[in-house]
Amino acid sequence: MLSHAVIPYTFTTKKPGQGTGLGLSTVYGIVTHNGGNIHVHSEVGRGTTFEIYLPRTEQAETDVPSKPLSPLDAALVCGVETILVAGDDEIVRHSMVNVLKAHGYQTLVAQDGQEALLVNERHDGSIHLLLTDVVMPGMDGRELAERLQRGRPEMRVLYVSGYADRIPWGHTDDAIVGHDVLESGVAFLPKPFTPERLAQQVRAVLDEEV
């Protein structure tokens, strides 16, 4: 049985054809991955209603406080490498950069693929890892990675996305086109994730033997 919650109104400050709105593709990925559905009703001048249906459970939620990393574990997920962070969601991008800096990494930041290419051109040193969202306006994460790796074949790539079981390559202004192309060897971190999980996954990708 599905229970539901109603979000009575939403809006966007972005013009048509620019950006990816309020991250509804991420919401859709999380909801559907957990067996739910989303119904949308929109009227011009009246607003938009999103009804989110999630499976009902009789099992009580158990709050298990997360344990802080021990000094040894914290040291194991730290580093000094340079990481290029690309993503159009300012809040998520800023949060990832803060986590990486707290773990000792040097960071380069871009809000989309085109800016990431410019940052890459202006950076004389090494870029050890590209941490990129899959869906971005103008250029998706895979295309960005392919273009950057032409000049930096040694650079590792870690993709992040709200789609926990698939990577949606390609998108239009109105819809995300999903393709099951999570190939073997592709490093992928599903949203939402904790700072600890991000740090652990980054370290694992950097340390992975090719």
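A residue is counted as buried under 20% relative accessible area, as exposed over 50% and as partly exposed in between, with a 1.4 Å probe and protein chains only. By this criterion five of the five residues of strand β6 are buried, so β6 is largely enclosed by the rest of the structure. The structure is a predicted model, in which local features need pLDDT of at least 70, side-chain atom pairs count only at pLDDT 80 or more, and totals for chains, interfaces and linings use all residues. Residues are numbered from 1 along each chain as its sequence is written, and side-chain values use heavy atoms, with hydrogens and water left out.

The chain holds six helices and eight strands. Both are DSSP runs numbered from the N terminus: helices are H or I with at least four residues, strands are E with at least two. From the N terminus on, the order of elements is β-α-β-β-α-β-α-β-α-β-α-β-β-α. Of the 210 residues, 35% count as buried. Contacts are defined by heavy atoms within 4.5 Å. Among contacts between residues at least 6 apart in sequence, 66% join residues at least 24 apart.

Five strands form an open sheet with parallel pairing, in the order β5-β4-β6-β7-β8. Pairing requires at least two DSSP bridges between two strands. Strands β5 (106-110) and β8 (187-190) stand at the edges with a single partner strand each, so one side of each has no neighbour in the sheet. From one strand to the next, the twist averages 20 degrees. Angles run from 0 to 180 degrees between N-to-C directions, and axes are lines fitted to C-alpha atoms, for helices over the stretch in contact.

Strand β4 (residues 82-86) runs parallel to β5 and is joined to it by five bridges. Here L84 has L108 of β5 as its bridge partner. Helix α5 (residues 141-151) packs on the sheet and touches β4, β6 (129-133) and β7 (156-161). The direction of α5 makes about 160 degrees with that of β6. Helix α6 (residues 195-207) lies across β4, β6, β7 and β8, and runs at about 150 degrees to β7.

Strand β6 is covered on both faces. On one side L129, L131 and D133 are buried; on the other, L130 and T132 are buried. Its parallel pairing with β4 extends over four bridges, and V85 stands opposite L131. Parallel pairing with β7 involves five bridges. In that pair, L130 is bridged to V157 of β7.

In strand β7, V157 is buried, with a relative accessible area of 13%. Leaving aside neighbours within four places in sequence, V157 is in contact with L129, L130, T132, A145, Q149, A187 and V205. V157 and E146 are eleven residues apart in sequence; their C-alpha atoms lie 9.7 Å apart.

The other two residues, V202 and Q201, belong to helix α6. V202 is buried, at 0% relative accessibility. With residues up to four places away in sequence not counted, V202 touches I83, L100, Y105, L129 and L158. The C-alpha atoms of V202 and L129 are 8.3 Å apart, across a sequence separation of 73 residues. Q201 also counts as buried, at 13% relative accessibility. Its contacts, leaving aside neighbours within four places in sequence, are L158, F188 and L189.

Cavities were searched for on a 1 Å grid over the protein atoms alone. A cavity is a set of grid points where a 1.4 Å probe fits but cannot get out, and lining residues have an atom within 4 Å of a point. Grid points are joined across faces, edges and corners, and a volume is the space filled by probe spheres set on the points. One cavity of 30 Å³ or more is counted by this rule. The largest cavity holds about 30 Å³ of space. Its lining consists of A86, G87, D88, D89, V92, R93, M96, D133 and K191. Helix α3 (residues 90-102) gives the most to this lining, with three residues. By class, the lining of the largest cavity has three nonpolar, one polar and five charged residues. Nonpolar covers Ala, Val, Leu, Ile, Met, Phe, Trp, Tyr, Cys and Pro; charged covers Asp, Glu, Lys and Arg; the others, Gly among them, are polar.

Technical notes. On a 1 Å grid over the protein atoms alone, a cavity is a set of points where a 1.4 Å probe fits but cannot get out, and a pocket is an open set with protein on both sides within 12 Å along at least five of seven lines; lining residues have an atom within 4 Å of a point.
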